[in-house]
Amino acid sequence: MNLFVSGQRRTEQALLKRAATGDPNASKEVISLLNLPAYSLAFRMLGNKEDAQDVVQEAFIRLWKSADSFSGKSKLFTYFYAIVSNLCLDQLKSSRNGMFEEFNELAHCRSEDVLLGFSGGITAEEIKKAMNVLSSKQRMAILMWAYQDLTAEQVGVAMGMNKNSADQLLFRAKLKLKSELKKGDAHEA
């Protein structure tokens, strides 16, 4: 680990501890750093604004409570993603639904980002159907990798698995997603 990364993580560790002990400026900084990407992930995973807001709120409560156990071995962002992703997976398990209610990927990112790498246009509905075929863990991994720009290693840390397992999970998810999107193309032809 280089000195810059080590110093940045110590800074994040100190910031979180200040926030957890009631420093309002540190709290605002942590929230502004983590809130939007965490909400985006939770919304994409759960497909419901209220559930996503509840998950992020609960994640911040857990973050404050676990501030002393944040050692700085990973980035604060990755540590928080682990909390958010676990809460999302718990929510999906408890709902026994696992399907997106109002998933509209194009509403939250540019269409050229979604369509990158595919020949021909793919609609938001086709993406919704293809994403619904993935397991909740596969969806979580794909969303963190594709829309939050996390590396496989960071996805693994956030999901509590090693890099090799995260690589395999992402590979299987991409393969399944590609297969589902190709099936949609075959039905239209």
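**Figure 1. At 42% relative accessibility, Lys 163 counts as partly exposed, and its salt-bridge partner is Asp 167.** The model shown in this and the following views is predicted. The closest N and O atoms of Asp 167 and Lys 163 are 2.7 Å apart, and a salt bridge requires a side-chain nitrogen of Lys or Arg within 4 Å of a carboxyl oxygen of Asp or Glu. Both residues belong to helix 9 (residues 163-188), and because they are four residues apart, about one helical turn separates them. Asp 167 has a relative accessibility of 30% and is therefore also classed as partly exposed, a class that lies between the buried limit of under 20% and the exposed limit of over 50%.

**Figure 2. Glu 180 and Lys 183 form a salt bridge within helix 9.** The side chains meet at an N to O distance of 3.0 Å. Lys 183 is partly exposed, with a relative accessibility of 43%. A search of the whole structure finds four salt bridges, among them the pair shown here.

**Figure 3. Arg 18 and Asp 23 are joined by a salt bridge.** Their closest N and O atoms lie 3.4 Å apart, which meets the criterion because that limit is set at 4 Å. Asp 23 has a relative accessibility of 25% and so counts as partly exposed. Arg 18, at 39%, is likewise partly exposed.

**Figure 4. Helix 2 packs against helix 3 at an angle of about 140°.** Helix 2 comprises residues 24-46 and helix 3 comprises residues 49-65, with their axes 9 Å apart. Helix 2 is therefore oblique to helix 3; the class of roughly antiparallel begins over 145 degrees. The crossing of the two helices is right-handed. By class, the residues of this contact comprise 14 nonpolar, three polar and two charged. On the side of helix 2, the contact is made by Ser 27, Val 30, Ile 31, Leu 34, Asn 35, Ala 38, Tyr 39, Ala 42, Phe 43 and Leu 46. On the side of helix 3, it is made by Lys 49, Asp 51, Ala 52, Gln 53, Val 55, Val 56, Phe 60, Leu 63 and Trp 64.

**Figure 5. Helix 4 and helix 8 cross at roughly 55°.** The axes of helix 4 (residues 76-95) and helix 8 (residues 152-159) come within 7 Å. The two helices are therefore oblique to each other, and their crossing is right-handed.

**Figure 6. Ser 74 occupies the loop between helix 3 and helix 4.** With a relative accessible area of 14%, Ser 74 is buried, because buried means under 20%. Not counting residues up to four places away in sequence, Ser 74 touches Arg 9, Tyr 79 and Val 157.

**Figure 7. Leu 134 is located in the loop between helix 6 and helix 7.** Helix 6 covers 124-133 and helix 7 covers 136-147. Leu 134 counts as buried, with 3% relative accessibility. When residues up to four places away in sequence are not counted, Leu 134 touches Arg 139, Ile 142, Ala 173, Lys 176 and Leu 177. Leu 134 and Ala 173 are 39 residues apart in sequence, while their C-alpha atoms are 6.7 Å apart in space.

**Figure 8. The chain that contains these sites has nine helices and zero strands.** From the N terminus on, its elements run α-α-α-α-α-α-α-α-α. Of its 189 residues, 44% count as buried. Among the contacts with a separation of 6 or more, 70% are accounted for by residues 24 or more positions apart.

Methods
Residues are numbered from 1 along each chain as its sequence is written. This is a predicted model: local features need pLDDT of at least 70, side-chain atom pairs count only at pLDDT 80 or more; totals for chains, interfaces and linings use all residues. Side-chain values use heavy atoms; hydrogens and water are left out. Buried means under 20% relative accessible area, exposed over 50%, partly exposed in between (1.4 Å probe, protein chains only). Axes are lines fitted to C-alpha atoms, for helices over the stretch in contact, and angles run from 0 to 180 degrees between N-to-C directions. Angles under 35 degrees count as roughly parallel, over 145 as roughly antiparallel, 65 to 115 as roughly perpendicular and the rest as oblique. A crossing is left-handed if the near helix is turned anticlockwise from the far one by less than a right angle, and right-handed if clockwise. Contact means heavy atoms within 4.5 Å. Ala, Val, Leu, Ile, Met, Phe, Trp, Tyr, Cys and Pro count as nonpolar, Asp, Glu, Lys and Arg as charged, and the others, Gly among them, as polar.
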